[in-house]
Structures are given as C-alpha cells and as structure tokens.
Number of protein chains: 2
Amino acid sequence: MIVSRATYDPDVPTYRLTIEYDGSRYRGWQEQKNAHTVAGELRQAIEALAPGRVELAGSGRTDAGVHALAQVAHLRSQQTLDRSFIIELNARLPADIHVLQVDPAGERFHARHSAVARSYVYQISRRRTAFAKRFVWWVNQPLDISEMRAAAVRLVGKRDFAAFCERPEEQSSTLVVVESAEIAEAGSLILVRLVASHFLWKMVRRVVGTLVRVGTGEITRGQFELLLAAGDASLVGPDPARFTAPPSGLFLERVVYPGELGLAALAPPVPVPTEVAAAVD
Amino acid sequence: MIVSRATYDPDVPTYRLTIEYDGSRYRGWQEQKNAHTVAGELRQAIEALAPGRVELAGSGRTDAGVHALAQVAHLRSQQTLDRSFIIELNARLPADIHVLQVDPAGERFHARHSAVARSYVYQISRRRTAFAKRFVWWVNQPLDISEMRAAAVRLVGKRDFAAFCERPEEQSSTLVVVESAEIAEAGSLILVRLVASHFLWKMVRRVVGTLVRVGTGEITRGQFELLLAAGDASLVGPDPARFTAPPSGLFLERVVYPGELGLAALAPPVPVPTEVAAAVD
C-alpha cells in the first residue's frame with residue numbers, strides 16, 4: 001500500500017492527515033485483506049466522501065493493539081478537501097479513530113519517506129485500575145526506576161538492536177540511531193519515551209520489556225549492556241519473546257518532519273486515574 | 001438483594017468494600033437474574049474465595065453504562081478477610097472491576113442505610129477523541145458555561161426534582177436536598193458535580209442533559225427554573241427523555257458516611273486527553 005515517490009502526479013493535491021486512534025480493536029495500522037485495520041477504516045471513510053482514486057499511506061506501521069496520538073498519513077485525492085471534509089470524515093469513522101487535522105502538503109510530501117524522526121511513549125501502571133487496561137501495562141512487582149534509567153541511557157546513540165526486535169534476521173540492518181530515551185514518573189505511572197529516526201519490528205516493546213526486567217532485578221544492568229553489545233537476545237534466556245511488553249501500553253506519539261520543532265515534556269499520553277479516589281481526603 | 005438491618009448476626013464479621021468500575025459492559029451495579037452486573041460479578045468472585053453464606057449490598061444502584069470511582073458495599077461473611085483476600089479477589093475479577101479497599105466495619109454498618117451523602121461527577125467533552133467515548137458525553141455545540149452555572153446554582157437546597165427524573169409517579173417523594181452543584185472546566189472537559197443525600201432515578205443524567213440545553217440556548221434559564229418550580233418535565237417539550245445525558249459520562253464519585261471528611265476539589269474522574277498532541281509545540 002505504500003506509494004512510491006515515483007507515482008506522484010503534480011496535478012493531484014497532497015494532504016497531510018494527523019490521526020489519533022485507540023488501537024485495541026484493530027489488527028494494526030496497515031491495510032490488510034480480511035483484517036480490520038485503522039488505515040482500512042480510514043480509506044473506506046475517505047472513499048465514501050471523495051470518489052475517485054485515493055492514495056493513502058502512513059508514516060509507518062503500528063502493530064495490533066498499539067495506539068497513536070498523532071499518526072501521520074499522506075492522502076492524494078482529486079477532491080479539494082476543505083474544513084467540512086474533516087467533520088464529515090470523523091462522522092463516518094468509528095469512535096476509536098479520530099482525524100485531528102487535514103493540512104495541504106507539498107506535492108512531494110510522503111508520510112513515511114519525508115519523516116525524520118518518530119517518538120513512541122510506553123505507559124506502565126503500577127496499580128491495577130478498572131479504567132485503563134487497554135492503555136497500560138500493569139506491572140505488579142516493585143521496580144527500581146534508577147536502575148531502569150541507568151540502563152535506558154545506554155540506548156542513546158548508534159546501537160545494534162538485534163537483541164531488541166522480532167526477527168532480526170529479516171532486517172537489512174539492525175543498527176538504529178536512538179536520539180533520546182527518557183523515563184518519567186507520573187503518579188503510579190511510569191512513562192518510557194524513545195525517539196529515533198526509525199524503529200525495528202517490536203523494538204519499543206522489547207526495549208521496555210527488557211528495561212522492566214532490569215527494574216525487577218530479573219536481569220542486571222550488565223546483562224542489559226551485554227544484550228546491546230552482543231546483539232543476541234538468547235543471552236538472557238531461551239525465550240526472548242517473554243521480554244516483549246504488551247501492545248496496550250504503546251503509543252506512537254509523534255512523527256517529525258524537517259523543520260518541525262521538538263517534543264513537549266513527557267506526560268501521560270492517555271492519562272489514567274493514578275490515585276485512589278476514596279483516599280483523597 | 002438489599003439486606004435489611006434486621007438480618008445482622010453479631011457473630012458474622014462485617015466488611016466495607018470500596019470498588020471502582022468501568023460500567024460500559026454491565027447492566028448496572030445491582031444483581032439481576034440473567035444479566036451481567038457489577039455486583040453479580042463481585043458476588044461470584046467472593047463466593048469462590050469465601051465459601052458459605054455471603055451478604056453483599058451496595059450503597060445504591062448505578063444504571064447500565066454508569067461508572068464508579070468508589071462505590072461502597074458491605075459484605076458479611078463467616079470468613080476472616082485479610083490482606084491477601086483483596087489480591088485474590090482482584091485476580092478473579094474482570095479487568096473493568098477493581099476492589100480498592102476492604103476494611104473491617106462495625107456490625108451495624110450498612111452500605112445504603114448508613115450513607116449520609118453521595119456525590120456524582122458527570123464528564124462532558126467538547127472535543128471528539130479516539131480514547132474516551134466510554135467515559136464522556138461528547139457535546140459538539142458551543143456551550144455558555146456561565147448560563148449553565150447560573151442555572152445549576154438553583155438546584156441547591158430542598159427542591160422538587162419531579163421534572164428531573166424517570167417515572168416520578170413511582171417515587172414516594174420527589175423532594176431531594178441537594179448540598180452542592182458545581183461546574184468546572186478542565187481543558188476541553190466540562191465537569192458537573194452534584195452532592196445530595198439521595199438521588200432519584202436518572203436524576204443526575206436528566207439534570208446534566210437539561211443544563212446542557214441551557215448551555216446551548218435551546219431552553220432559557222427561566223424555563224429551567226420553571227421546571228424546578230412546577231415539577232413538570234413536559235413544560236419544555238413533548239419528549240423529556242431527550243434531556244437525559246448518556247450514561248457514559250457519569251461516575252459515582254463518593255459515598256459519604258457519618259464523621260467522614262469532605263470531598264476533594266473537582267477534577268476529571270478519568271482524565272481524558274484534552275489537548276491535541278500534534279499541536280503541543
């Protein structure tokens with residue numbers, strides 16, 4: 001479905017769409033035959049409003065159950081899309097997909113190829129709450145945040161993430177330049193934000209899952225560093241997938257294009273009640 | 001299911017349970033035959049852990065789709081319920097029901113009869129968001145908050161709520177003493193909190209629905225006051241049910257017992273992302 005640069009037609013206007021979605025009900029962003037996906041829903045709603053050929057492509061895939069605060073897609077359509085279009089489009093979309101903005105873009109704008117960085121936020125909850133299972137990973141064991149921070153710092157720079165992704169053998173390269181790795185606390189939440197030019201398959205979830213094992217003491221900070229240095233997930237046990245954090249806590253926060261400003265302070269993407277209401281007074 | 005005062009047995013310990021729930025999937029709090037209810041789920045989990053006769057009763061009903069931050073129930077069981085009980089209980093409960101606390105209570109403690117006040121918070125969102133349909137009422141029209149506040153002030157005191165409840169003819173009395181009626185703004189949210197000793201059926205939802213019509217200008221503040229004075233919902237149109245706000249925005253916030261302190265400042269019960277992430281920088 002990704003449209004190559006070669007297909008652009010200067011007579012067809014290009015738009016940039018900014019979309020938020022609760023990924024819980026979807027098999028991810030990317031359109032698939034016989035599967036319910038976010039881009040599939042979006043295309044269906046757009047085609048009902050803007051007849052004719054529609055080119056639609058996102059900045060990248062998000063997996064089943066993963067959310068987005070601001071996924072970006074480009075849309076090329078013969079139709080001129082004015083302000084009323086976004087209202088009609090949202091009225092047609094399911095409640096868990098919401099188009100935030102539709103802006104005219106340069107004819108060569110490509111949501112994936114033009115992006116220079118992506119940021120993801122992962123939300124861990126240290127308390128069980130009736131309201132937020134779909135937006136957090138509930139971790140019940142005590143976590144040593146300072147150990148997790150000290151490990152996370154080592155992710156920054158050009159690193160080999162072979163030990164922190166699914167099917168590394170299918171990647172042309174497992175080297176990724178990580179711009180920043182932050183951990184913040186907000187009430188009973190722990191937030192992890194990673195910013196990089198690109199991400200490997202399940203990389204954020206594997207990094208977070210492994211950082212949590214550092215936090216619980218299941219693996220040492222030294223073992224974490226060895227994983228980065230040796231690029232072999234089997235060093236910490238026979239089942240590396242066990243170190244993959246669930247999709248529920250993961251949010252694509254931001255896709256950055258050239259000339260755009262930096263990120264806001266790290267805050268809960270979908271705030272969750274972190275205090276017990278009964279205990280407030 | 002409500003246990004009368006007469007049934008207590010001084011040899012059976014009494015506990016006070018504090019429970020939060022996302023009511024979206026349930027036919028309300030109250031146990032019913034052949035319906036999925038919060039108290040039904042709770043009883044099933046308790047009975048699996050504490051064999052023998054269990055008396056369980058909540059502070060009051062909540063309707064289908066209505067949530068609770070701190071519903072209170074009393075539980076009488078032959079079992080001694082220690083700290084590990086709450087952990088095992090939560091492990092058995094569905095993810096959208098969470099027992100916050102289990103405290104020993106006096107033998108005459110009755111969740112409904114002992115309560116002296118209840119507070120409800122209603123959450124209105126002025127923006128569509130992919131993440132919170134189940135926790136808000138999305139109101140798209142502009143609202144005049146100061147008109148809504150001026151109308152809400154008139155609710156305080158001993159008033160006849162015949163025009164603000166379902167089936168007033170079935171009530172022994174439609175007089176209710178409202179202690180406070182607050183309206184606060186938090187980002188794109190509007191919060192309405194009502195505190196009273198008791199509430200009539202759908203009273204909060206009818207009050208909020210009518211206040212919103214005042215906010216949109218559909219009815220005047222004078223008409224609102226007439227509804228209170230005359231106690232006849234048909235004064236503002238042939239279909240009073242149209243003025244009932246949906247259950248999704250409603251939270252039972254707090255049940256107050258004698259000697260307990262006041263409420264915390266009004267804040268979003270389940271915070272919702274109110275700002276557009278893409279527009280933060």
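Colleague: What makes the side chains of B:Arg193 and B:Glu182 a salt bridge?

Modeller: The model is a predicted one. In it, the side chains of B:Arg193 and B:Glu182 have N and O atoms 3.1 Å apart. The cut-off is 4 Å between a side-chain nitrogen of Lys or Arg and a carboxyl oxygen of Asp or Glu, so the pair qualifies. B:Arg193 belongs to strand S9 (residues 189-196) of chain B and B:Glu182 to strand S8 (residues 175-186) of chain B, so the pair ties together parts that are 11 residues apart in sequence.

Colleague: Why is B:Arg193 called buried, and why is B:Glu182 called partly exposed?

Modeller: B:Arg193 has a relative accessible area of 3%, and buried means under 20%. B:Glu182 has 31%; a residue is exposed only over 50%, and partly exposed in between. B:Glu182 is therefore partly exposed.

Colleague: What is the N to O distance between B:Arg254 and B:Glu260, whose side chains meet in a salt bridge?

Modeller: The distance is 4.0 Å. For its two partners, the accessibility rule applies again. B:Arg254, with a relative accessible area of 6%, is buried, whereas B:Glu260, with 28%, is partly exposed. In chain A, A:Arg16, A:Arg254 and A:Glu260 are linked in a network of salt bridges.

Colleague: How do you know that A:Arg213 counts as buried?

Modeller: The relative accessibility of A:Arg213 is 14%, and the limit for buried is under 20%, so the term applies. The side chain of A:Arg213 meets that of A:Glu218 in a salt bridge, at 3.7 Å from N to O. A:Glu218 has a relative accessible area of 38% and is partly exposed. Over all chains, the count comes to 40 salt bridges.

Colleague: How many salt bridges are there between chain B and chain A?

Modeller: The count is 2. A:Glu20 forms a salt bridge with B:Arg127, their closest N and O atoms being 3.1 Å apart; the cut-off is 4 Å, so this pair meets the rule. Between the chains there are also 16 residue pairs in polar contact, both residues being at pLDDT 80 or more. On the side of chain B that touches chain A, strand S1 (14-21), strand S3 (67-77), strand S4 (97-105) and strand S10 (250-256) of chain B each supply at least two residues. By class, that side has 24 nonpolar, 7 polar and 9 charged residues.

Colleague: What is the area buried between chain B and chain A?

Modeller: The area is about 3000 Å², and carbon and sulfur atoms give 61% of this. In terms of residues, 40 of chain B are in contact with 40 of chain A.

Colleague: How do you know that the radius of gyration of chain A agrees with that of a compact globule?

Modeller: For 281 residues, a compact globule would have a radius of gyration near 19 Å; chain A has 20 Å, so the two agree. The C-alpha atoms of chain A fill a box of roughly 60 × 55 × 40 Å along the principal axes. Of the 281 residues of chain A, 54% count as buried.

Colleague: Which helices and strands does chain A have, by count, and what share of its contacts joins residues at least 24 apart?

Modeller: Chain A has 5 helices and 10 strands. Among its contacts between residues at least 6 apart in sequence, 74% join residues at least 24 apart.

Conventions:
Residues numbered from 1 in each chain as written. Chains lettered and ligands numbered in written order. Predicted model: local features only at pLDDT ≥ 70, side-chain atom pairs only at ≥ 80, totals over all residues. Heavy atoms only, no water. Contact = heavy atoms within 4.5 Å. Buried area = accessible area lost by both parts, 1.4 Å probe. Polar contact = N/O pair within 3.5 Å; in protein donor to acceptor, adjacent residues only side chain to side chain. Helix = DSSP H or I, 4+ residues; strand = E, 2+ residues; numbered from the N terminus. Nonpolar A, V, L, I, M, F, W, Y, C, P; charged D, E, K, R; others polar. Rg over C-alpha atoms; globule rule 2.2 N^0.38 Å. Buried < 20%, exposed > 50% of the residue type's maximum accessible area, 1.4 Å probe, protein only.
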